[in-house]
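Subject: Handing over the structure

Hi,

Here is the structure I promised to pass on to you. Please open it alongside this note, and my findings follow below.

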Amino acid sequence: MGYSDKEVLEKIGKGQDDEVLKYLYARVFPTVKQYIHSNSGDIEEAKDIFQDAILIFYRHVKTKRFDDTHPIAGFIYSVSRNLWINYYTRVKAKKTELTHEQEELEHDDNVLSELITQEREQQVLQVFAELGTRCKDLLINTVFHKLSMKEICDKMGFTTENSAKTQHYKCKQRLIDLVGNNKTFKNLLQ
Amino acid sequence: MTPEANDITLIEQYLNQELPEPGKTMVEQRIQQDPEFAQMVQQHRFIEELIIDRGLLELKQKIKAGKYGDQSNNGLKLYSISAILIIISALGTYYFLGSKDQTTSIVHLSTKVHQEPIPVQEVHTTSKSQNEVAHKLTSTLAIVKPIQRSPIQAPQETKTEALEKAPNELEKAMPSEQKTTQNQTITLPKEEPKVVVSRNKENIKEEQATVVSTEKPQESDTDELEYLFNPSQGQVWLFPISEGQNAQVIVLGKTGEVIYKTQITNGLPNSWNGLSNTGSELGMGSYPFIITFDTGKIMQGFVTIQR
């Protein structure tokens with residue numbers, strides 16, 4: 001199995017995440033694992049780092065910031081490397097000396113800001129819990145998976161595209177209200 | 001549609017960079033002039049990011065539940081274990097029918113191997129290289145492969161787990177490059193030194209009637225069992241020997257000398273603490289090991305000690 005970068009991006013667009021993940025784990029994970037292994041990391045750490053790198057890659061794609069002239073494997077590898085160096089210098093460096101290679105590498109702190117912090121994760125989960133499962137699923141389908149209204153009708157059982165669309169606006173408005181009532185989010189919105 | 005719904009559609013298209021000119025410039029102008037509209041854009045941008053994050057968290061759950069990292073591991077494990085099984089059956093056959101009649105041994109080998117989930121092509125290479133090795137071996141010797149680090153972490157789980165997977169699933173899980181590399185090396189089997197003969201006399205005696213070969217350079221990445229433990233942290237190496245089995249475990253040093261040897265009766269002792277038979281702590285490194293079961297089955301590979 002093997003996909004071109006173009007096919008991978010198309011599959012992400014179509015929501016075929018399972019195939020994409022399988023492919024990326026087969027194609028890119030061994031290299032990342034090897035890198036982390038040879039830089040004093042273990043397999044569990046490699047898995048965590050790779051998972052974060054995948055999420056950052058997805059976020060770039062979903063927010064249309066992914067530059068598709070760059071190879072996907074290279075992007076994920078370099079994000080993983082940056083994440084590892086960051087993690088290493090923050091957590092592990094106290095225990096062991098940095099290898100020469102790691103000292104030479106430039107730090108890219110931007111990559112950290114792409115991570116969903118634990119705090120944000122909690123807030124996001126909380127606000128969507130208040131919003132309710134149906135609205136959450138609908139919005140993830142429209143905004144994250146970018147499904148067409150027709151696909152959403154089939155998937156979520158709306159009778160007409162118009163009713164799906166109306167529901168989509170209602171859910172968005174409810175989310176805006178919830179965010180407006182939430183202190184932490186309110187400050188961020190100002 | 002209500003005017004408000006129209007605005008939202010406009011904002012969504014604008015945020016998704018799907019709005020063609022002149023609409024884009026118009027929206028930008030409106031943001032400048034109409035603070036209420038600007039706030040709406042801001043709110044929508046904010047919640048779209050929020051929704052994307054929520055989607056990412058769902059993806060994260062999916063990754064966790066899917067255990068994708070493990071899957072690719074299992075694929076490699078299965079590959080390496082199948083490769084070892086081929087060698088074991090080859091050796092078993094060679095041992096029993098041995099030097100008497102090589103043709104029979106190869107026929108036997110093929111039939112045995114067919115039961116394993118391995119492409120037929122590999123069977124031929126095995127037979128061929130076994131043939132070569134058979135010629136090279138005049139007597140029974142322990143052959144120890146030069147230490148090679150596999151780029152992939154070693155299989156640490158049990159065989160049966162990996163064997164449950166079907167071979168075509170394994171194919172899928174294997175990165176395609178790896179396959180090509182293997183194919184390339186098949187055509188150049190003589191490039192690397194194949195065997196290192198241990199000259200330790202004691203060793204030869206102990207290994208009487210045991211031929212351990214690690215021919216097949218194309219399998220060098222996958223044909224070894226590998227274990228890793230850190231005795232400094234109180235870890236031990238649990239032998240891949242189940243209860244009720246009898247076997248002999250031998251760990252060799254860098255020059256092929258026996259540094260640790262133990263007889264396992266009924267599955268006990270079941271682990272090794274990294275001390276040599278003379279009681280000294282072994283340093284960091286990979287040590288070849290050979291486990292000879294009293295059924296004639298042989299397992300071998302490397303055990304890596306970390307400190």
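In chain A, 56% of the contacts between residues at least 6 apart in sequence join residues at least 24 apart; two residues are in contact if their C-beta atoms, placed from the backbone, lie within 7 Å. Chain B reaches 69% for contacts defined by those separations, at least 6 and at least 24.

Before you go further, please note that this is a predicted model, in which local features need a pLDDT of at least 70 and side-chain atom pairs count only at pLDDT 80 or more, while totals for chains, interfaces and linings use all residues. Residues are numbered from 1 along each chain as its sequence is written, and chains are lettered from A and ligands numbered from 1 in the order in which they are written.

Chain A

Chain A has 12 helices and 0 strands; helices (H or I, at least four residues) and strands (E, at least two) are DSSP runs, numbered from the N terminus. Of the 190 residues in chain A, 32% are buried. Here a residue is buried if 20 or more other C-beta atoms lie within 10 Å of its own, exposed if 12 or fewer, and partly exposed in between, with C-beta atoms placed from the backbone.

Where is confidence in chain A lowest, and where is it highest? The lowest mean, 49, belongs to helix H6 (residues 100-104), and the highest, 93, to helix H9 (residues 133-144). Where pLDDT is low, the predicted coordinates should not be read in detail.

Two helix pairs in chain A deserve a look. The axes of helix H8 (residues 118-131) and helix H11 (residues 161-181) of chain A come within 10 Å and cross at roughly 130 degrees, so H8(A) is oblique to H11(A). Axes are lines fitted to C-alpha atoms, for helices over the stretch in contact, and angles run from 0 to 180 degrees between N-to-C directions. Angles under 35 degrees count as roughly parallel, over 145 as roughly antiparallel, 65 to 115 as roughly perpendicular and the rest as oblique.

The crossing of H8(A) and H11(A) is right-handed; a crossing is left-handed if the near helix is turned anticlockwise from the far one by less than a right angle, and right-handed if clockwise. On the H8(A) side, A:Val127, A:Glu130 and A:Leu131 meet A:Arg174, A:Leu175, A:Leu178 and A:Val179 of H11(A). That contact has 5 nonpolar, no polar and 2 charged residues. For these classes, Ala, Val, Leu, Ile, Met, Phe, Trp, Tyr, Cys and Pro count as nonpolar, Asp, Glu, Lys and Arg as charged, and the others, Gly among them, as polar.

In the second pair, the axes of H9(A) and helix H10 (residues 149-156) of chain A come within 10 Å and cross at roughly 145 degrees, and this crossing is right-handed. A:Asp137, A:Leu138, A:Asn141 and A:Thr142 of H9(A) make the contact with A:Ile152, A:Lys155 and A:Met156 of H10(A). By class, 3 residues in the contact of H9(A) with H10(A) are nonpolar, 2 polar and 2 charged.

Chain B

Chain B contains 10 helices and 9 strands, and 33% of its 307 residues are buried. One buried residue is B:Thr292, with 20 C-beta neighbours inside 10 Å; B:Thr292 sits in strand S8 (residues 285-293) of chain B.

Two loops of chain B have some backbone details to look at. In the loop between H1 and helix H2 (23-33) you will find B:Pro22, joined to B:Glu21 by a cis peptide bond with omega about 5 degrees. B:Gln17, also in the loop between H1 and H2, has a positive phi of about 55 degrees although it is not a glycine. B:Gln17 is exposed, with 9 other C-beta atoms within 10 Å.

The loop between strand S6 (258-264) and strand S7 (271-272) holds B:Pro269, and a cis peptide bond with omega about -5 degrees joins B:Leu268 and B:Pro269. B:Asn266, in the loop between S6 and S7, is a residue other than glycine with a positive phi near 55 degrees.

Where the chains meet

How many residues of chain B are in contact with chain A? There are 33, and they touch 41 residues of chain A. H3(B) gives the most to this side of chain B, with 19 residues.

Best wishes

Technical notes. pLDDT is the predictor's confidence in each residue, from 0 to 100.
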